[in-house]
Amino acid sequence: MAIKKVLVANRGEIALRVIRACRELGISTVAIYSEADEESMHVAMADEAFCIGPAIASKSYLSIPNIMSTALACGADAIHPGYGFLAENAHFVDVCAEHNIKFIGPSSEAIRKMGDKATARETVMAAGVPVVPGSDGLVDDFKTAVEVVEGKIGGYPVIIKATAGGGGRGMRVCHNRDELEKNFSQAQNEAKNAFGNAGVYIEKFITQMKHIEVQVFADQHGNVVHMGERDCSVQRRHQKLIEEAPSPVVDEDLRSRMGEDAVKAAKAVNYEGAGTIEYIFIPETQDYYFIEMNTRIQVEHCVTEMVTGFDLVQWQVRVAMGESFDFSQDDVQLNGHAIECRINAEDPARNFMPCPGHITGFVAPGGFSVRVDSHCYTDYFMPPNYDSLMGKLIVWGRDRKQAIRRMQRCLDEFTVTGIESTIPFHRDVMKNAVFQAGDVNTDFIEKNMQTVPSS
């Protein structure tokens, strides 16, 4: 099907990213915004823009009736969900289909299977993808939890995970039976409150691990490829802060095996579009395990674009229109090294406390192989109602060493005044010897970044 007008059901930098991709394809765009986002750049950049509600996500960006009525009124024939909000909402996909509007992303069935983490685990296991040792499906009570942990898994530590969870919510680490008893019901309650689903499962808790994810892409004609891996091990409370591609610890053989398993997982749910298979990787043993699939474009897709040369967002739209890939797996080659720093409106010196407010100055860096994806500008008011992401600074280098040097230079140039940002934190990470050596696990910040970032 031909797509002539795309409604972008999101805000901030990802909305702007989609608008730019569509414009290059000759497709008109419609922005939606809440009252808090009237001055956001994506509103000005789109061909049309409509306010869909107050500065409350449930009454604007999460309001399916408001979004669909706008899409129908303006004649949009497709909706791009970006990431977050309704991007992985299977019901929203079904509603789009009912109104003959193309959802730019996977089917509702694929989202349901991969959105429920216990079902996703069972699905990829059946496809031959390695998973973390753990329970077979959901665990309903403490007695069963003890049997699973001390029997099937073989002991502590373990981690309780919400089957509908994400972003670190509904997760509890337990080092003994007392902690398991204390945390089990708490995890269920948190999952119920956060996601409306109290279901939890249990996995072996693995320390000294890296977080590595593989970008997959599938068209409507059965073609599925992987586009290499991203290393997302620099995290705080399970939230990614820095990503890079390729991973400094993945060689060609490991990349091939991870990629082939990622393709198996995507094929197991008849996937369409851009998706990400997330693994934990144990450097000591070279083992990797599937943990989840993100059925959408990722915040960190940019580093994959920088090293492969593929415009992933444009390919999302092209696949939605029914186009077949004009490339094969052999055509996907990784060139050089890319690093992304998430620039958040947070104060690292005060435990990353959110810092919304008036930006009195915003000067982004530039130069060769430098990319800044941001909706912010001088005199923009960063609203307190949503995520604190101001934008992403991405650089490319011939190798990792050059990419780090380029990132250091760009962070020194990047000026944000009026509110605090995570720029000083990123400067300190780039100077850190452990990071420079590529020896970064998911506990890197706790072990290496205890001091207050320098200004």
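One term first: a residue counts as buried when its relative accessible area is under 20%. Keep in mind that this is a predicted model.

Start with aspartate 347. Its relative accessibility is 9%, so aspartate 347 counts as buried. Its salt-bridge partner is arginine 350, at 2.9 Å from N to O. Arginine 350 is partly exposed, at 48%.

Take glutamate 48 and lysine 5. Their closest N and O atoms are 2.7 Å apart. This pair links distant parts of the chain, 43 residues apart. Glutamate 48 sits in strand E3, and lysine 5 in strand E1. Glutamate 48 is partly exposed at 25%, whereas lysine 5 is buried at 17%.

Now glutamate 252 and arginine 255. They form a salt bridge at 3.1 Å. Both are in helix H9, 3 residues apart, so about one helical turn separates them. Glutamate 252 is exposed at 60%. Arginine 255 is buried at 11%.

On to the cysteines. A disulfide is a covalent bond between two cysteine sulfur atoms. How many does a search of the whole structure find? It finds 0. For cysteine 51, the nearest cysteine sulfur belongs to cysteine 74, 14 Å away. Cysteine 341 is buried, with a relative accessible area of 0%.

Key. Residues are numbered from 1 along each chain as its sequence is written. This is a predicted model: local features need pLDDT of at least 70, side-chain atom pairs count only at pLDDT 80 or more; totals for chains, interfaces and linings use all residues. Side-chain values use heavy atoms; hydrogens and water are left out. A disulfide is a pair of cysteine sulfur atoms within 2.5 Å. Buried means under 20% relative accessible area, exposed over 50%, partly exposed in between (1.4 Å probe, protein chains only). A salt bridge is a side-chain nitrogen of Lys or Arg within 4 Å of a carboxyl oxygen of Asp or Glu. Helices (H or I, at least four residues) and strands (E, at least two) are DSSP runs, numbered from the N terminus.
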